[in-house]
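Trainee: I would like a close look at one part of this model. Please keep it brisk.

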Amino acid sequence: MDIVRVAGRDWVVLFAEARKSHSPVKRRRKAQRLCVAYEGSDSEKGEKAEPLKVPVWEPQDWQQQLVNIRAMRNKKDAPVDHLGTEHCYDSSAPPKVRRYQVLLSLMLSSQTKDQVTAGAMQRLRAQGLTVDSILQTDDATLGKLIYPVGFWRSKVKYIKQTSTILQQRYGGDIPASVAELVALPGVGPKMAHLAMAVAWGTVSGIAVDTHVHRIANRLRWTKKATKSPEETRAALEEWLPRELWHEINGLLVGFGQQTCLPARPHCQACLNQALCPAAQGL
């Protein structure tokens with residue numbers, strides 16, 4: 001550093017002080033908080049993205065019970081396998097007529113054995129089974145054709161009423177939703193779900209009849225005992241994987257026709273005897 005001796009040391013000191021006084025004042029920076037984000041594992045991310053799921057209730061041993069029922073039904077020789085709804089309509093008829101015949105066979109099947117329903121459908125088809133042909137048939141003739149299905153007199157009335165609605169509102173076709181189907185006279189939830197599956201190729205729910213209702217309760221496939229097929233349907237749909245919904249009706253109906261009978265079930269011949277809660281009390 002050069003020293004100028006003009007006015008003695010005071011100039012140096014003054015110069016230094018001046019420079020010091022005029023030097024820019026450095027401001028202390030405010031401390032900033034640094035937020036560090038750590039990348040979590042996939043499981044941690046999932047836990048943050050979705051709430052923890054409560055485990056769904058499912059029956060004990062149900063998978064093995066299902067395997068055993070499939071084994072007992074592998075021959076497919078129960079009445080439902082060759083006389084059920086899937087076999088009652090004319091496969092060569094136009095799609096709209098086929099769907100109508102599917103619905104009609106379901107309406108006839110209520111409280112009726114498959115053999116009787118199939119016979120009635122055969123007689124109806126021989127007359128030409130369409131919406132128009134049914135509406136042109138008088139009640140007495142229609143009654144003779146469907147007799148002896150259960151509640152045949154009521155079914156004559158329901159068939160005529162439903163056929164009129166189909167002609168007026170749906171152009172002779174059947175509705176493509178469960179809500180519209182159950183609104184038709186003489187059509188219940190089981191029929192609606194089967195109609196969706198067979199006529200429209202859509203799985204809308206589990207079709208529960210008396211066989212499915214009985215067997216589900218015997219195997220304890222419902223969290224608590226159910227009192228109606230519709231209550232059983234809701235209980236089964238809470239836990240049974242959706243990919244099994246279409247299969248379960250035909251599987252259990254045939255099982256109920258051959259082995260798990262309403263009265264005097266053939267428990268000794270059943271592969272589920274050791275796994276069935278109901279069998280332990282028989």
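How far is the sulfur of C276 from the closest cysteine sulfur, and which residue holds that sulfur?

Mentor: This is a predicted model, so every value here is computed from it. The closest cysteine sulfur to that of C276 sits in C267, 6.3 Å away. That is too far for a bond, because a disulfide needs the two sulfurs within 2.5 Å. The structure as a whole holds zero disulfides. C276 is buried, at 12% relative accessible area. C88 is buried too, at 5%.

Now the aromatic rings. The whole structure contains four aromatic pairs. One of them joins W57 and W239 edge-to-face, with 6.4 Å between centres and 90 degrees between planes. W57 lies in the loop between α2 (42-49) and α3 (62-72), and W239 in the loop between α13 and α14 (245-258), so this pair ties together parts 182 residues apart in sequence. W57 is partly exposed, at 31%. W239 is buried, at 8%. Another edge-to-face pair is Y147 with W152: 5.6 Å centre to centre, planes at 90 degrees. Y147 is partly exposed at 48%, and W152 is partly exposed at 23%.

E230 is partly exposed, with a relative accessible area of 34%.

Terms used
Residues are numbered from 1 along each chain as its sequence is written. This is a predicted model: local features need pLDDT of at least 70, side-chain atom pairs count only at pLDDT 80 or more; totals for chains, interfaces and linings use all residues. Side-chain values use heavy atoms; hydrogens and water are left out. Buried means under 20% relative accessible area, exposed over 50%, partly exposed in between (1.4 Å probe, protein chains only). Rings of Phe, Tyr and Trp (its six-membered ring) pair if their centres lie within 6.5 Å; planes under 30 degrees apart count as stacked, over 60 as edge-to-face and the rest as tilted. Helices (H or I, at least four residues) and strands (E, at least two) are DSSP runs, numbered from the N terminus.
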